[in-house]
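Subject: Structure handover

Hello,

Here is the structure I promised to pass on. Please open it alongside this email.

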Amino acid sequence: MAVTLLLLVGSALVIYFSCELFVNAVEWLGHRLSVTQTATGTILAAFGTALPESVVTLVAVAFGDNPAQKDIGVGAALGGPLALSTLAYGVVGLILLGSRNPLVKKKTAVDADCVRLSHDQGWFMAIFLCSLLAGLLDFPGKAWLGFAFLGGYALYVWKELKTDGELHDCDGLEPLRFRPRDEQPSLFWAALQSGVALVVVFAASRIFVAQLDVIGPALGLPPQLAALLLSPVATEMPETLNAVIWVQQGKERLALANISGSMMIQATVPTAFGLFFTPWRFEGALILAASVTLLATAWLFLLFRRGKVGGAQLARSSLIYAVFAGALIFKAVPA
């Protein structure tokens, strides 16, 4: 167990420093591609950090040797949006409240396009509700519905790229770590640094998840429960740490856009894989997880719709996850 804890802490530190490398690169990538700040977070950063989780879900549901492994893949697919809509936003709120950056501390509300974020939450709710209904019902041709979810994400990407917004100003960007003396690093170097950072994040995340796989049984948690509670916390760590880094730099727009975009990927791509390769049938804990995700998203939708959101309000999102985890553990673990 001592080795497990050492690997857990060590891999978490590697993920954090790799995320610093990634956020530095992805901003230059957005600048070079003339992509708006919001789209940099919702598309470029979100796609990079959510891709590994989607691949893990694909491997579990498509190549799992038994129904239990496929169930774990489905649990991870639902756990991702749950962790993002509660813990990730909650962490952003806590960082805003406890930041030592004077530019962040004096803010009474997050510097972000709240109307656009509200629309994103509404878009997510509509898609995720379809995912939940598909998990409750059996009907002919259900697997083909996966293509509709992939199409939904493609439409979201098209909408984000077409929406007007503020472009990246290179004067406000930190030097690219791979080319610190280059005032205008090329697209190649920005893409290379992004790719290297993601490879390290992916490898470290697998080590982190492996340690949770050991800790879960040690705590007496069943496999599917561990997939719902522990694995998403680990697999969504890159998105959360990206947000932490950006918030500390006073860039809440990028932080919240990254989480919002990751939620859209998690609601569509893993769901499509689940529909293609499993019966995609929900019971018990899965229904509860999906329902709590919709509840948390509805809370965020109403919060952002007001147009002014503070750190304390975002921090309350984590309470939803705490109540869910407590209820699930209390029900699953015998006295």
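Below is what was found, from the overall fold down to single residues.

**Overall fold**

Please keep in mind that this is a predicted model. The protein has 14 helices and 0 strands. Read along the sequence, the pattern is α-α-α-α-α-α-α-α-α-α-α-α-α-α. The chain counts 335 residues, and 52% of them are buried. Take the contacts between residues at least 6 apart in sequence: 85% of these join residues at least 24 apart.

**Helix packing**

Start with helix 5 and helix 6. Their axes lie 11 Å apart, at an angle of about 175°. The two helices are therefore roughly antiparallel to each other. On the helix 5 side, the contact involves Arg 116, Asp 120, Trp 123, Ile 127, Cys 130, Ser 131 and Ala 134. Helix 6 meets them with Leu 145, Phe 149, Gly 152, Leu 155, Tyr 156, Lys 159 and Glu 160.

Helix 6 also packs against helix 11. Here the angle is about 160°, and the axes are 7 Å apart. Helix 6 is roughly antiparallel to helix 11, because angles over 145 degrees count that way. Their crossing is left-handed. Helix 6 contributes Leu 145, Gly 146, Phe 147, Phe 149, Leu 150, Tyr 153 and Tyr 156 to the contact. From helix 11 come residues including Ser 260, Gly 261, Met 264, Ile 265, Ala 267 and Thr 268. Val 269, Thr 271, Ala 272, Leu 275 and Phe 276 of helix 11 take part too.

**Nonpolar cores**

The largest nonpolar core has 66 residues. Which of them touch the most other members? They are Tyr 89, Val 92, Val 110, Leu 256, Ile 259, Phe 304 and Leu 314. Helix 11 gives the most to this core, with 12 residues.

Leaving aside residues up to four places away in sequence, Phe 304 touches Tyr 89, Cys 114, Val 115, Leu 117, Ser 118, Gln 121, Leu 256, Val 309 and Leu 314.

There is also a second, separate core of 10 residues. Among its members are Ile 320, Tyr 321, Phe 324 and Leu 328.

**Salt bridges**

Side chains of opposite charge can pair when their charged atoms come close. The whole structure holds 8 salt bridges.

Glu 27 and Lys 251 form a salt bridge through their side chains, at 2.8 Å from N to O. The pair links distant parts of the chain, 224 residues apart. Glu 27 sits in helix 1 (residues 2-32). Lys 251 sits in the loop between helix 10 (237-248) and helix 11 (252-277). Are these two buried or exposed? Both Glu 27 and Lys 251 are buried.

Asp 120 and Lys 159 form another salt bridge, at 3.7 Å from N to O. Asp 120 is in helix 5 (residues 114-136) and Lys 159 is in helix 6 (residues 145-162), 39 residues apart. Asp 120 counts as buried, because its relative accessibility is 2%. Lys 159 counts as partly exposed, at 24%.

Glu 174 has 38% relative accessibility, so it counts as partly exposed. Arg 177 is partly exposed too, at 39%.

**Two single residues**

Ser 317 lies in helix 14 (residues 317-332). Its relative accessible area is 0%, so Ser 317 is buried. What does Ser 317 touch, not counting residues up to four places away in sequence? The list is Ser 85, Thr 86, Tyr 89, Gly 90, Trp 299 and Leu 300. Tyr 89 is on the Phe 304 contact list as well.

Gly 10 is found in helix 1. With a relative accessible area of 30%, Gly 10 is partly exposed. Gly 10 and Ala 204 are 194 residues apart in sequence. In space, the two are 8.7 Å apart, C-alpha to C-alpha.

Best wishes

Technical notes:
Residues are numbered from 1 along each chain as its sequence is written. This is a predicted model: local features need pLDDT of at least 70, side-chain atom pairs count only at pLDDT 80 or more; totals for chains, interfaces and linings use all residues. Side-chain values use heavy atoms; hydrogens and water are left out. A salt bridge is a side-chain nitrogen of Lys or Arg within 4 Å of a carboxyl oxygen of Asp or Glu. Helices (H or I, at least four residues) and strands (E, at least two) are DSSP runs, numbered from the N terminus. Buried means under 20% relative accessible area, exposed over 50%, partly exposed in between (1.4 Å probe, protein chains only). A nonpolar core is a set of buried Ala, Val, Leu, Ile, Met, Phe, Trp, Tyr and Cys residues joined through side-chain atoms within 4.5 Å. Contact means heavy atoms within 4.5 Å. Axes are lines fitted to C-alpha atoms, for helices over the stretch in contact, and angles run from 0 to 180 degrees between N-to-C directions. Angles under 35 degrees count as roughly parallel, over 145 as roughly antiparallel, 65 to 115 as roughly perpendicular and the rest as oblique. A crossing is left-handed if the near helix is turned anticlockwise from the far one by less than a right angle, and right-handed if clockwise.
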